[in-house]
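Dear colleague,

Please find below the structure that I am handing over to you. My findings follow it, and I would be grateful if you read them with the structure open.

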Amino acid sequence: MYLLRLALASLANRRFTAFLTAFAIALSVCLLLAVERVRHEARASFASTVSGTDLIVGARSGSVNLLLYSVFRIGNATNNIRWDSFEHYASNPQVKWAIPISLGDSHRGYRVMGTNQSYFEHYQYGRHQSLQLAQGRAFQTDPFEVVLGAEVADALHYKLSDKLVLAHGVAAISLVKHDDKPFTVVGILARTGTPVDRTLHISLGGMEAIHIDWKNGVPARGAGRISADQARNMDLTPSAITAFMVGLNSKIATFALQRDINDFRGEPLMAILPGVALQELWSLMGTAEQALFVISVFVVLTGLIGMLTAIVTSLNERRREMAILRSVGARPWHIAGLLILEAFALALVGILAGMALLYLSIACAQGYVQSNYGLYLPLSLPSVYEWSLLGIILAAAVVMGAIPAWRAYRQSLADGLSIHL
Amino acid sequence: MSDALIELAELGFAWPGQAMLLDIPAFRLERGETLFLKGPSGSGKTTLLGLLGGVHSPQRGSVHLLGQNLSELSFAARDRFRVEHTGYIFQQFNLLPFLSVRENVELPCRFSRRRADRAGQRHGSVAQAATQLLAHLGLRDPDLLQRRADTLSIGQQQRVAAARALIGQPELVIADEPTSALDSDAREAFIQLLFAECRAAGSSLLFVSHDQSLAPLFDRHLSLAELNRAARPASSEVS
């Protein structure tokens with residue numbers, strides 16, 4: 001196709017403008033694809049924050065709130081639930097396993113979660129993946145053992161057998177510390193890309209022990225204090241926990257048990273289906289995600305309009321080129337075709353460069369994003385959806401190319417063979 | 001029908017909303033003839049060339065090229081007819097700067113099968129036609145053929161433009177002030193080369209210029225003002 005050869009040669013002659021135009025398109029395409037990929041992965045990783053859990057039970061409040069504090073470690077429980085309520089349901093014949101969760105303390109901004117062995121056995125995330133220990137072991141009988149999430153260990157540079165002190169409350173800077181009862185790191189979990197990575201796990205006994213001498217929310221003073229060794233010999237069965245997660249023998253029982261928990265006479269409880277609550281939460285964030293998409297679509301549009309401007313601006317200075325082509329036999333539709341091909345070539349180069357840029361950035365940022373945001377961005381080929389986005393961009397470029405093409409068509413009819421400077 | 005290459009009869013043309021620019025009762029250019037047409041700028045010269053090329057249509061009268069009335073052809077057919085039978089040389093900056101010298105010369109053959117076929121018949125191939133035409137016009141260096149057209153001197157560029165106009169032996173070569181950018185020695189040399197190549201290709205040459213000094217070199221010379229009744233205000237008043 002000789003027209004393509006002419007279009008490319010003419011573009012090469014204006015290579016600086018052409019380069020800038022294609023670069024603007026490349027950047028916008030890269031942004032759009034990156035936003036799409038992050039959006040997709042964020043949604044996937046969000047949905048896989050917790051899996052295998054049939055019900056989450058907490059004090060009666062909102063389902064999103066319960067999900068936020070029990071799974072995402074965001075916000076606080078409105079109320080605790082009694083230990084005997086937990087035991088009541090843990091022993092229900094429908095219940096295969098139950099994981100108690102006790103929250104409220106922190107360590108340098110990371111949440112501390114009291115739980116028990118069943119957490120390491122039954123908690124699942126992603127595609128039914130269980131927690132793995134990267135180093136050490138789970139906490140055992142001694143109450144002052146802590147198992148760190150991967151990010152906590154990384155960020156704070158903790159190793160096995162390091163000692164650390166928990167702080168009361170969840171503020172990043174806490175004035176009240178449990179410094180009389182230090183904990184020993186016995187295990188570090190493998191990275192999960194979920195909030196587990198940002199959690200310190202201690203036993204319920206440990207949680208009970210650090211608060212054993214507390215009265216009315218403040219530590220006891222003087223003679224009232226109980227040392228760590230004394231605490232070890234006391235009964236550390238908690239009286240209350242924050243929430244618990246339940247796995248059932250049969251999914252069919254889910255709704256019956258949920259109703260049963262919601263109607264529990266002992267205290268006001270609420271059971272939620274994690275999948276439903278996740279959906280609800282995501283729909284809250286969906287607006288921001290949609291906005292991001294709309295913005296990147298507009299950036300692509302800006303890139304294409306930049307291209308349009310560059311081509312339209314070039315028309316006037318290229319009247320001579322058009323007239324020469326007309327004099328050697330190019331028909332007006334050749335001239336129009338030339339400009340459409342030019343738009344097509346610019347957009348194609350822009351799209352290819354944008355994809356190259358995207359893969360390069362993913363390759364560079366993959367590790368960083370994974371460790372900081374828990375998002376795994378795969379270096380995979382574009383999905384059908386992404387291909388169709390790229391196709392739409394290319395089609396939009398050709399449609400836009402029709403504008404200068406039409407102008408050049410009219411211009412070459414009017415100019416004929418006369419050459420304007 | 002006649003065997004003249006160009007025949008204008010009672011031609012009248014005006015731009016929309018303007019006075020009559022061209023009013024030519026009769027004009028002929030014979031096959032193989034070289035004609036010098038004197039026309040200062042603003043005399044309607046460019047418009048006349050547009051009419052001969054079929055990009056404009058006269059309001060009155062007819063333009064026959066090779067016996068074909070251009071007005072009878074569709075717009076697309078006029079375009080095709082033009083490139084098949086006419087080669088153009090303009091003042092300067094005739095070439096597409098971003099193509100090589102060779103590609104510039106071969107351009108008409110890209111858009112016209114007939115020109116490509118005729119170039120092939122006479123020279124063996126389009127590429128050989130370009131090489132030989134350029135050689136006859138004094139551009140023999142094979143490296144030069146691969147260079148970008150805008151790296152050449154103006155004189156060289158005009159010879160490349162002449163080769164482009166001549167490739168595929170069009171019956172008519174129209175040259176619009178092709179020598180205005182050349183100095184006087186180069187001017188005459190260029191015209192002699194052009195004559196020789198037109199003769200070899202059997203093409204007629206319509207040479208439009210305001211430079212009277214070149215006129216004696218041609219078979220015939222005319223002034224557009226003599227042809228064009230619209231350029232004589234006194235007589236147009238009488239009629």
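**Findings**

In strand β12 of chain A, T199(A) is the bridge partner of R111(A). Please note that this is a predicted model.

Is strand β12 of chain A enclosed or open? Five of its five residues (199–203) are buried, so the strand is largely enclosed by the rest of the structure. A residue counts as buried if 20 or more other C-beta atoms lie within 10 Å of its own. Both faces of β12(A) are covered, with T199(A), H201(A) and S203(A) buried on one side, and L200(A) and I202(A) buried on the other.

At the level of the whole chain, the domain assignment divides chain A into domain 1 (2–46 + 285–415) and domain 2 (55–272). The centres of these two domains, taken over C-alpha atoms, are 51 Å apart.

Finally, I turn to the contact between the chains. Chain A contributes 17 residues and chain B contributes 23 residues. On the side of chain A that touches chain B, the elements giving two or more residues are α1 (2–13) and α11 (319–327). The largest share, five residues, comes from α1(A). By type, this side of chain A comprises eight nonpolar, six polar and three charged residues.

With kind regards

Key:
Residues are numbered from 1 along each chain as its sequence is written. Chains are lettered from A and ligands numbered from 1 in the order in which they are written. This is a predicted model: local features need pLDDT of at least 70, side-chain atom pairs count only at pLDDT 80 or more; totals for chains, interfaces and linings use all residues. A residue is buried if 20 or more other C-beta atoms lie within 10 Å of its own, exposed if 12 or fewer, and partly exposed in between; C-beta atoms are placed from the backbone. Helices (H or I, at least four residues) and strands (E, at least two) are DSSP runs, numbered from the N terminus. Two strands pair if DSSP finds at least two bridges between them. Domain bounds come from an automatic or database domain assignment. Two residues are in contact if their C-beta atoms, placed from the backbone, lie within 7 Å. Ala, Val, Leu, Ile, Met, Phe, Trp, Tyr, Cys and Pro count as nonpolar, Asp, Glu, Lys and Arg as charged, and the others, Gly among them, as polar.
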